Structure formats: C-alpha cells, structure tokens
Amino acid sequence: MLNEARIVLGDDVEVELSHHKGLAEFRTTGALLFTVIDREYCKKIVLMLPGQEHPGHLHRVKEETFQLLWGDLEVRLPDRRVVLKPGEQVLVHPGVAHGFATSGGAIFEEVSTRSTRSDSFYLDEAIRRLDPMERKTILEEW
C-alpha cells in the first residue's frame, strides 16, 4: 500500500503493530503505526488494511490532526462521522473520543502534540484493561 501510494518513510522510523483484540483479529481491528517524529510534536503515518477498524479512544493531553493521504477513511467522533477524501483533514481536541474505519484501506498522517503510551483511554472496557504493550507489538525489522 505504501508503494502504491508512493509514500517513502525513511530509515529512522519506529513501526508498531496495534492489535487491540489480539493478533488473530488484526485484519479487522488494528492498524500499523509508523512514528516518524516524537518530540514536543509528533508525526505518525497510520496504515489501515481494507475492512479494518481502529477502536474508539481518547487522549487527555494529546491533540491530533489527521490528514488522509491515500484511500478512504471514516473518522468516528461522538457527534458525527467524518468521511475524509485524500488531502482532507480533521482536528481532534484532547478529551474527544475518536475511532477510525476504512473499507478499501487507508494511509493517513497524524500530526499531534507529544505521544505517550499512558495517554490512550479506550472506550471498550476489555481493551482498556490491557497493558499498552499487550495490544501493541514493536516491529524491530520491517
């Protein structure tokens, strides 16, 4: 998908497999997160496979802007669903629950304030009970 979208990430990127309901359910629930920058500001590229969903969650500190680079993406907010086209973006303030879904696959950019593992609070209690590293796998080589 990255090749098809002509997105080059570079060498110094942390790759995280996000599998909220376990690796067996990754193709339906999860995402690949490529952390490009994580300083006072953060840039991630998020790749979702066709038919994947990323569960609803919120951040108490982090503010995020999502811009669709390729594919189709529905951003699920408490009061509405925003269907993005490539180039479009949506801002999510701290404390606002959000999730994602794609039918044909999506690659989008997340630009935010600093990312910390302890600042993600999932709406699904089963996911919320998991230690962050039980729902994520860091890929050393990709």
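Buried means under 20% relative accessible area, exposed over 50%, and partly exposed in between, with a 1.4 Å probe and protein chains only. By that scale K43 is partly exposed at 28%, whereas E109 is buried at 15%.

This is a predicted model, in which local features need pLDDT of at least 70 and side-chain atom pairs count only at pLDDT 80 or more, while totals for chains, interfaces and linings use all residues. Side-chain values use heavy atoms, without hydrogens and water.

**Salt bridges**

A salt bridge puts a side-chain nitrogen of Lys or Arg within 4 Å of a carboxyl oxygen of Asp or Glu. The structure holds 10 of them.

| Pair | N to O distance |
|---|---|
| K43 and E109 | 3.1 Å |
| E74 and R76 | 2.6 Å |
| E125 and R129 | 3.3 Å |

E125 is partly exposed at 46%. R129 is exposed at 61%. Elsewhere, shared partners join E53, E74, R76 and R81 into one salt-bridge network. R76 is partly exposed at 26%.

K43 and E109 link distant parts of the chain: strand β3 and strand β10, 66 residues apart. Strands are DSSP runs of E, at least two residues, numbered from the N terminus.

**Nonpolar cores**

A nonpolar core is a set of buried Ala, Val, Leu, Ile, Met, Phe, Trp, Tyr and Cys residues joined through side-chain atoms within 4.5 Å. The largest has 16 residues; M48, L73 and F108 are among those with the most contacts inside it. Elements giving two or more residues to this core include β3 (41–48) and β10 (106–113). Another core, of 13 residues, lies apart and includes L2 and I107.

Definitions and conventions: Residues are numbered from 1 along each chain as its sequence is written. Helices (H or I, at least four residues) and strands (E, at least two) are DSSP runs, numbered from the N terminus.
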